[in-house]
Amino acid sequence: MRFKKPRGTQDLFGDRMRSWAKVEEMLAALAGGYGYSEIRTPVFEVSDLFVRAVGEGTDIVSKEMYAFADKKGRSLTLRPENTAPVMRAFLENGLHRSGGITKFWYQGPMFRYDRPQAGRYRQFHQFGAEAIGHPGPAVDAEIIDLSLAIYRMFGFTNLEVRLNSVGCPVCRPGFLNILRNALGSMKSELCGTCSERAITNPMRIFDCKECVDIKNRLPVITDHLCDECSEHFEGLQSILRGMKVDFMLDSLLVRGLDYYTKTAYEVLHPGLGGQNALCGGGRYDGLAEECGGGKIPAVGFSAGMERLMENLPEEFAGKIGLDPVDAFFILPDESVSAEVLRIAGELRSAALRVSVDLSGRSMKKQMKVASESGAPLAVIIGPEEIEKKEAAVKVLASGGQESVPFAGLSARIFQERKNEVD
Ligand code: AMP
């Protein structure tokens, strides 16, 4: 009797396994270089977590869950995604009490009973990151930047970032009514599944591969956002432009999970055909409450490992260790986030490892975190420093402080890294 692996799964070994391990190591280093730390949660969770978080009307919950009863009859599910488990762990371990922003990355297997095809598996792997605790659009920008840095690191070109806002519980119900009304006159044109969706979860229609014509005639949520969502969406776009991140607005982008609020985005690789999404994410400000916690805003993304590995450009460079970042950026004032994120981006392009504190906490707290991070330097940039184009640089071991012009920052940080090695 010879056994075969279950449909939609893979065995990894030999050169392929070695390159997976190398890529995983580089991803861990990349996220560490942004100041994110790893979290591992169980591969299975109580089914209700996904039903509540991902949403009953989604394909993931209604068709794709690997749910089973354990010996005591409890319903458990092999995780189809990892944002809900991370939020569950965050709340269960009381991490909300520490304040500020908790930044986690994760990687591991996910399970969805989907139709296997090129680039789509039943057991697949995701690398993702979650920044929990702050509502500001600069955190969304950092998450988008981190997800793009993955593909930059491996030399991908021609990527497309599609960006949308999917509203919040204040503006979405009104939009859903408008959408249902519009759909009323188009019922006969909808596919079987979307006729049901029109009643249960009409925004899912935007995900349908069959109802393409209709989608383009439907009202879009970005025309019906509340003031807070509009402001956030505008703010994010302006930060991304400030960071020189290219993106396209796509009001049809909804994503297949109900927990998203405000920001939703995807990174597409046009060469990939049907399964062209390398990575997707967004903000999920209501998830903590859905999981029994308080109002805790958060944002994150997850990237498909198989799609990364199967499309990896031939040439990709070097290896990065898991050392502390070279510089820890402290922001006395959140109004300068765009400039600071841009400067941090330039330094990272010069192969420096930089963490930016976007928590909005007091300088004293940020300085404490900087000291504990193990970074040799804290770089303080507020409105005054932006004005003078000079950063205040603090050597954390000695406490000495100096002014360094922005143009000389990378040289100064490199010098400190060399001093450490010497
Ligand atoms: P999602 O969790 O649905 O937002 O998906 C995030 C990313 O995970 C996608 O952009 C894909 O790269 C990857 N992904 C999702 N489902 C699968 C699957 N069944 N097989 C392989 N990769 C997947």
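Two strands count as paired if DSSP finds at least two bridges between them. Strands (E, at least two residues) and helices (H or I, at least four) are DSSP runs, numbered from the N terminus. The model is predicted: local features need pLDDT of at least 70, side-chain atom pairs count only at pLDDT 80 or more, and totals for chains, interfaces and linings use all residues. Residues are numbered from 1 along each chain as its sequence is written, and side-chain values use heavy atoms, with hydrogens and water left out.

Strand S4 (residues 75-78) has two described pairings. Strand S3 (residues 66-69) pairs with S4 in the antiparallel sense over 4 bridges. Here alanine 69 has serine 75 of S4 as its bridge partner. The hairpin of S3 and S4 has 5 residues between the strands. Glycine 73 in this hairpin takes a positive phi near 80°. Strand S2 (residues 44-46) also pairs with S4, antiparallel, over 3 bridges. Phenylalanine 44 has leucine 78 of S4 as its bridge partner.

Strand S7 (residues 160-165) is joined to strand S9 (residues 261-268) by 6 bridges, and the two run antiparallel. Glutamate 160 stands opposite leucine 268 in S9. S7 is also joined to strand S8 (residues 248-249), by 2 bridges. S7 and S8 run parallel. Arginine 162 stands opposite methionine 248 in S8. In general, strands of a sheet pair through backbone hydrogen bonds, either parallel or antiparallel.

An open sheet is formed by 5 strands in the order S13-S12-S14-S15-S16, with mixed pairing. Strand S13 (354-357) and strand S16 (401-405) stand at the edges. Each has a single partner strand, so one side of each is left without a neighbour in the sheet. Neighbouring strands of this sheet are turned by 30° against each other on average, direction ignored. The axes behind such angles are lines fitted to C-alpha atoms, for helices over the stretch in contact, and angles run from 0 to 180 degrees between N-to-C directions. Strand S12 (residues 327-330) and S13 run parallel and are joined by 4 bridges. Isoleucine 330 stands opposite aspartate 357 in S13.

Oxygen atoms of the ligand lie by polar atoms of the protein. A polar side-chain atom of glutamine 126 is 3.0 Å from a ligand oxygen. A polar backbone atom of leucine 278 is 3.1 Å from a ligand oxygen. For a polar backbone atom of cysteine 279, the distance to a ligand oxygen is 3.3 Å. The protein covers 92% of the 480 Å² of accessible area that the ligand has on its own (Shrake-Rupley method, 1.4 Å probe).

Asparagine 201 sits in the loop between helix H7 (192-200) and helix H8 (212-215). At 12% relative accessibility, asparagine 201 counts as buried, a class that means under 20% relative accessible area (1.4 Å probe, protein chains only). The side chain of asparagine 201 makes a polar contact with the side chain of aspartate 258 (3.4 Å). A polar contact is a pair of N or O atoms within 3.5 Å; within protein, one must be able to donate a hydrogen and the other to accept it, and residues adjacent in sequence count only if both atoms are side-chain atoms.

Methods. Buried < 20%, exposed > 50% of the residue type's maximum accessible area, 1.4 Å probe, protein only.
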